[in-house]
Amino acid sequence: MKLSRRNLLAAGTAAVAVGAAPAHAAPERAPAAGRRLRTGFERLAADGYALLDGQRVGVVTNPTGITRDVRHIVDVMHADDRVDLTAVFGPEHGFRGTAQAGGSEGRYDDPATGLPVYDTYLKSGQPLADIFTASGVDTVVFDIQDVGARFYTYIWTMFDCMEAARLAGKRFVVLDRPNPVTGRAALGPVLHKEFATFVGRQPVSQAHGMTVAELAGLFNGEFLTSPVQLETVRMSGWKRSDFYDASGLPWVPPSPNMPTPETALVYSGTCLFEGTNLSEGRGTTRPFELLGAEGIDGRWAAAANELGLAGVRFREAYFTPTFSKFQGKTVGGVQLHVHDREAFDPVRTGIGLLVSAKRAWSGFAWRADNWIDKLTGSTLVRTMIDAGAGTDEVVAGWQEELGAFRRMRQEYLLYR
């Protein structure tokens, strides 16, 4: 914990707004039965956009930045005279969501609003600060639905935009949305800084169990070079134990391979298969729930079920990806069926599946670039599994670092 940074925050270097409380204050209690979740944007709009009064505003968002009646917040604000919306900033996949994984939309004028859209993907530091400066905005607003995993890139888009806003002298406002897989716990290995990439900039656990507003507070208090002028608009009616279906909000896929909240539930574990020669289910209707490769048969599902992993069962499955690994080829593997999401631990499950796949299939291999180390945040998972460690041993290997992250994280939680 960086106490000097915390003192800066307490002194008001990072501001808080619209029903928010400082990150070190007692979290708010969610309303009792009959509560209705209101997103950060809903609360901002209900307050007449007072937080943005007199400001030229730019929004970092994508197709998930919607209202309850599925209108995009950019369209809503553009039509409202109370907001001087002057720019939009698109992340990976783009503002309107036209790009696949690893792509973006580039610089263009949005046909629906005429607003200039700037590309933030893979931009950071002074080059991104220069984009904010060139756009002429005073305040950068962030509103994107996250899925709760460290390697999902939107939280690092937020981190990079916060740092760039600081460099450009801009205010940064985060509109909060639910963590769809709950905010109950941080799980998995913590990233080591020497493995920092766009799928993990800072020492955060693999499943962070935080909302984007909570992460913004954490980034500002612990990881930015110096704090940005940060303000957050919290949700009301959200509890840490809530899954996405409790929100009453429509689900918009945050990226092309995140079609449902059920995908998000398993993603922080099964995305690890991106670091192997197995398909992680891209190119199917069940990405990250279907895993497999040529040459795998029912022995893997049997071995995975023998692990007795909580809340999940595994079915022998065969599928033919339409793109990505094994495009057009029929492969064998498993489908995850989560039957008790309260008990389900996605990261432990992902490790169990890696261990059992390596033991059940002689063709198992890591990607040649050791991408698994970038996803897990260190060499620990790969080297322990290669050495023959079981699921319990691998999970035990990160507990000390996870405990330290959990203690740090606790200071920034805004909800009960």
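Modeller: The axes of helix α8 (residues 298-306) and helix α9 (residues 346-360) cross at roughly 135° and come within 9 Å of each other. Helices here are DSSP runs (H or I, at least four residues), numbered from the N terminus. Axes are lines fitted to C-alpha atoms over the stretch in contact, with angles from 0 to 180 degrees between N-to-C directions. This is a predicted model, in which local features need pLDDT of at least 70 and side-chain atom pairs pLDDT 80 or more, while totals for chains, interfaces and linings use all residues. Residues are numbered from 1 along each chain as its sequence is written, and side-chain values use heavy atoms, without hydrogens or water.

α8 and α9 are therefore oblique to each other. The scale is: under 35 degrees roughly parallel, over 145 roughly antiparallel, 65 to 115 roughly perpendicular, the rest oblique. Their crossing is right-handed (the near helix is turned clockwise from the far one by less than a right angle). On the α8 side, the contact (heavy atoms within 4.5 Å) uses Arg 299, Trp 300, Ala 303 and Ala 304. They meet Leu 353, Ser 356, Ala 357 and Ala 360 in α9. By class, that contact has six nonpolar residues, one polar and one charged. Nonpolar covers Ala, Val, Leu, Ile, Met, Phe, Trp, Tyr, Cys and Pro; charged covers Asp, Glu, Lys and Arg; the others, Gly among them, are polar.

Stay with α9 and turn to another partner, helix α7 (residues 261-270). α7 and α9 pack at about 50°, their axes 6 Å apart. That makes α7 oblique to α9. This crossing, too, is right-handed. Leu 265, Val 266, Ser 268, Gly 269 and Thr 270 supply the α7 side. Facing them in α9 are Pro 346, Val 347, Gly 350 and Leu 353. The contact splits into five nonpolar and four polar residues, with no charged ones.

A pocket is an open set of points on a 1 Å grid over the protein atoms alone, with protein on both sides within 12 Å along at least five of seven lines; a cavity is a set where a 1.4 Å probe fits but cannot get out; lining residues have an atom within 4 Å of a point. Points are joined across faces, edges and corners, and volume is the space filled by probe spheres set on them.

The second largest pocket has a volume of about 240 Å³. It is lined by 21 residues, and closest to its centre are Val 181, Thr 182, Arg 184, Leu 187 and Pro 346. The lining holds 10 nonpolar, seven polar and four charged residues.

For context, the largest pocket has a volume of about 460 Å³. Its lining has 25 residues, with Glu 92, Ala 101, Thr 153, Glu 274 and Arg 282 nearest the centre. By class there are 13 nonpolar, six polar and six charged.

The largest cavity contains about 70 Å³. Among the residues lining it are Arg 68, Gln 145, Arg 177, Tyr 244 and Trp 251. The lining of the largest cavity divides into six nonpolar, three polar and two charged residues.

Technical notes
Helix = DSSP H or I, 4+ residues; strand = E, 2+ residues; numbered from the N terminus.
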